[in-house]
Each structure stands twice: as C-alpha cells, then as structure tokens.
Amino acid sequence: MVVDARGLRCPLPVVRAAAAARDRPGGTVLTVLATDPAAALDLPAWARMRGHALLDVREPGPGGGAWEVDVRLAAPASP
C-alpha cells in the first residue's frame, strides 16, 4: 500500500502512515512517499517504536522527487 505524504511537513508523514497502518493486517508493506527530509528519520523511528520492520529508505534522485520508506507492519498485539 502506498501512503502519499508528499508536500506534508513533520509530523504529518508519520501521522498518515500510522492512520494507514491502523486498519491493515500484519505483514502489509507500506511505502510512504514524503518530500520532507525529516521523514527519513521520523518514519524509521515510528516503525521501531511500534514493532514494525523497516525494509528500506530510498533518497530522492538527483532531479528531486520524494523519499520512499518501506515498512512491514507487525501483527497486532494479542489482548
């Protein structure tokens, strides 16, 4: 699933990723697109704190574009 957070400033890319993760099953891969460079640090920190697996962080190319952060969602905690 792709979460488009381009043009949004911190903390909105993380907020959008968290909202998308809320209704998705464990194992789902989220790819977050963000133009705010802080997302390259904030999204991996969010993933770590929530127990998700960070798969990849790709920088924008030389012509610009967006950061791409891939996260595999953890299974929800059992009650």
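Modeller: Residues are numbered from 1 along each chain as its sequence is written, and side-chain values use heavy atoms, without hydrogens and water. As the model is predicted, local features need pLDDT of at least 70 and side-chain atom pairs count only at pLDDT 80 or more, whereas totals for chains, interfaces and linings use all residues.

Colleague: How do you know which helices and strands the chain has?

Modeller: Helices (H or I, at least four residues) and strands (E, at least two) are DSSP runs, numbered from the N terminus. The chain has 2 helices and 4 strands, in the order β-α-β-α-β-β.

Colleague: What makes the radius of gyration of the chain agree with that of a compact globule?

Modeller: The radius is taken over C-alpha atoms, and the globule rule is 2.2 Å times the number of residues to the power 0.38. For 79 residues a compact globule would have a value near 12 Å; the chain has 12 Å, so the two agree.

Colleague: Why is a set of residues called a nonpolar core?

Modeller: The name applies because its members are buried Ala, Val, Leu, Ile, Met, Phe, Trp, Tyr and Cys residues joined through side-chain atoms within 4.5 Å; buried means under 20% relative accessible area with a 1.4 Å probe, protein chains only. The largest such core has 17 residues, and Leu30, Val32, Leu43, Trp46, Val71 and Leu73 touch the most other members.

Colleague: With which residues is Leu30 in contact?

Modeller: Contact means heavy atoms within 4.5 Å. Beyond its neighbours within four places in sequence, the partners of Leu30 include Met1, Ala17, Trp46 and Val71.

How values were computed: Buried < 20%, exposed > 50% of the residue type's maximum accessible area, 1.4 Å probe, protein only.
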